[in-house]
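Please walk me through this structure, starting with the ligand site and then turning to the nonpolar cores.

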Amino acid sequence: MPPSPRPLGVAPAPASYSLNLFPRRRCLPARHAVSMAASHAHDAHFLRRAADVADRSAGLASPHPNFGCVIARPQLETDDVEAWVVGEGYLYSQGTPCAELLAAEEAGEHARGATAYLNLEPDDCYGNSTAVSSLVQAGVTRVVVGLRHPLKHLRGKAIQLLRHQGIQVDVVGEDLQSKLFKEALGSCLIVNAPLLYRAAFHVPFSVLKYAMTADGKIAASTGHASWVSGKASRGRVFELRGRSDAIIVGGNTVRLDTFTCVVDPRLTARHVKGGHVPVRIVMSQSFNLPEEANLWNVHDAYTIVATQRGARRDLQKKLAMKGVEVVEFEMLNPRDVMSYCYDRGYLSVLWECGGTLAASAISARVIHKVYAFFAPKIIGGVNAPTPVGELGMKQMTQAIDLIDVSYEQVDRDMLMSGFLQPIPDLSPVIPSVDEIPSVDPEVSPYETNIISFYKTWDTFGAFANFSPHPISLPDENGDCFTWPTVEHYYQAHKFVSVDNPQARDIVQEIKQARSPEEAARIGRTRQRELPELIGSPRKLM
Ligand SMILES: NC(=O)C1=CN([C@@H]2O[C@H](COP(=O)(O)OP(=O)(O)OC[C@H]3O[C@@H](n4cnc5c(N)ncnc54)[C@H](OP(=O)(O)O)[C@@H]3O)[C@@H](O)[C@H]2O)C=CC1
Ligand SMILES: Nc1c(N[C@@H]2O[C@H](COP(=O)(O)O)[C@@H](O)[C@H]2O)[nH]c(=O)[nH]c1=O
């Protein structure tokens, strides 16, 4: 059970907290300082920086939002505002210290009288008020917030707590109206676009990515496609995969890439070792898929095949034997697959399919953003495939205009990205559990006694495995051990009952994992690699 919430204002003394006798930078007393409140340009600059800092956890913190905190105070002796920053931090991943605590630790004494910039209102959910108490403890006197939390049962709580503690809180769009904040607000929206889309539309944030030649093809007429874009662009694709919970490819791409291109797709984020490993999803109505393919090697990454009910049950069994998960749909379509991904808790999905499936997904309005890599090459081919198939549009005036378009050169290629649908504003009303009867009169009062949770941010998310709450339990020798999260405990106990040095090493490795997602990744990977080390379930407690 999570520890009782700390009384506000009594955050753990930051580990590195100490009176700094030799301040890195001479801070003038507040009375001489330029008033930050009067300087919207500086507020906007540091808020934009907080969003950039938050982006470092993209893909790692999922399904948590990406949080960044920048603590800054004016220093008249320099007009280099970057020198005003005395501390910053970001939520690395679920179950790791919050951005505010890390920034306060780095700022130390310099946080006193300073301003903290937050891209998103902290989700001090389930009574864990570390983010707020860290800022109070650090002596921050003002907080600038980019966005209120999108989830209704969290929205406004941390802001209220901060104000109760006498801290001035300015929220962009409410207390700060200047147009100077337009760009900074855009950064705050983009860095958490996945959460905002998911909260508003009840489907994961979906990005369509393709590489296209200058004459508009994504492959040769034979289907051969390696490679359209250059190595640097494909490196950017690995980064995009690293911030996605799932990657979707169509059945025909798997067939053509495996049979004709010898690419034999892997769809892994290979730019960093030990980074986030997205799930791979193949959408195939026919299940007419190769028996052997890299995608079926679940040691690389978990793979799901979404197919039509009853398709090729023989082949389904063969792939299931390899560890591939097969999910049948009555009518396989992008909308139902996205609803399924929503239920599995995915925040962000990268579509790397060909034009046929891309057209189906765009028509189903499940694609929110497009990344198009343009390669300076010509391939020709009357039948060469293009990025998007049939949308039923007969006039150019029907074309879908991208919004918030960006252009970036990536080595010899050009990357254009833009949104198909605007990022939703923060009005999504997510009924909290106790509101369900008013939302759904069918739900009898008795049923509302049933608590439901899945993600750590849900109303009762503190009970979720990934919830950042340590648990202390006696180990097999009866000695008490504190596990960082329930997920750490669960993954380790797959190996605890086997008397084997390798199993013991794996338990230690899991104990040291920096986050519940890393613990889960280690446990699942070792389970696939060394199934013989999985102990028989025994009475643990
Ligand atoms: N350059 C690039 O960035 C990329 C290039 N490519 C290239 O594109 C080519 C393949 O493109 P394409 O033929 O369009 O194949 P797709 O990747 O779009 O796959 C189409 C297949 O998706 C499956 N599917 C499942 N549900 C649906 C649905 N609701 N609507 C439509 N299809 C659905 C069907 O599989 P089934 O037939 O099994 O039932 C269908 O045949 C290949 O040459 C590949 O190399 C592909 C991706 C990226
Ligand atoms: N040909 C092509 C792409 N093709 C996409 O990348 C997949 C192969 O990725 P991987 O298995 O990780 O190497 C392939 O199945 C298809 O979805 N992508 C690109 O960025 N540029 C390219 O030129």
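Which residue has a backbone N or O atom 3.2 Å from an oxygen atom of ligand 2? The residue is Leu267. This is a predicted model, in which local features need pLDDT of at least 70 and side-chain atom pairs count only at pLDDT 80 or more, while totals for chains, interfaces and linings use all residues. Residues are numbered from 1 along each chain as its sequence is written, chains are lettered from A and ligands numbered from 1 in the order in which they are written, and side-chain values use heavy atoms, with hydrogens and water left out.

The side chain of Lys209 places an N or O atom 2.8 Å from a nitrogen atom of ligand 2, and a backbone N or O atom of Ala225 is 2.8 Å from a nitrogen atom of ligand 2. On its own, ligand 2 has 520 Å² of accessible area, and the protein covers 92% of it (Shrake-Rupley method, 1.4 Å probe).

Around ligand 2 there are 16 residues, and those that come nearest are Lys209, Val228, Ser229, Arg241 and Arg266 (a residue counts if one of its heavy atoms lies within 4 Å).

Next come the cores. A nonpolar core joins buried Ala, Val, Leu, Ile, Met, Phe, Trp, Tyr and Cys residues through side-chain atoms within 4.5 Å, where buried means under 20% relative accessible area with a 1.4 Å probe, protein chains only. The largest has 82 residues, and Ile71, Val143 and Trp296 have the most contacts inside it. A second, separate core of 32 residues includes Met212, Cys341, Trp351 and Val366.

Key
Buried < 20%, exposed > 50% of the residue type's maximum accessible area, 1.4 Å probe, protein only. Polar contact = N/O pair within 3.5 Å; in protein donor to acceptor, adjacent residues only side chain to side chain.
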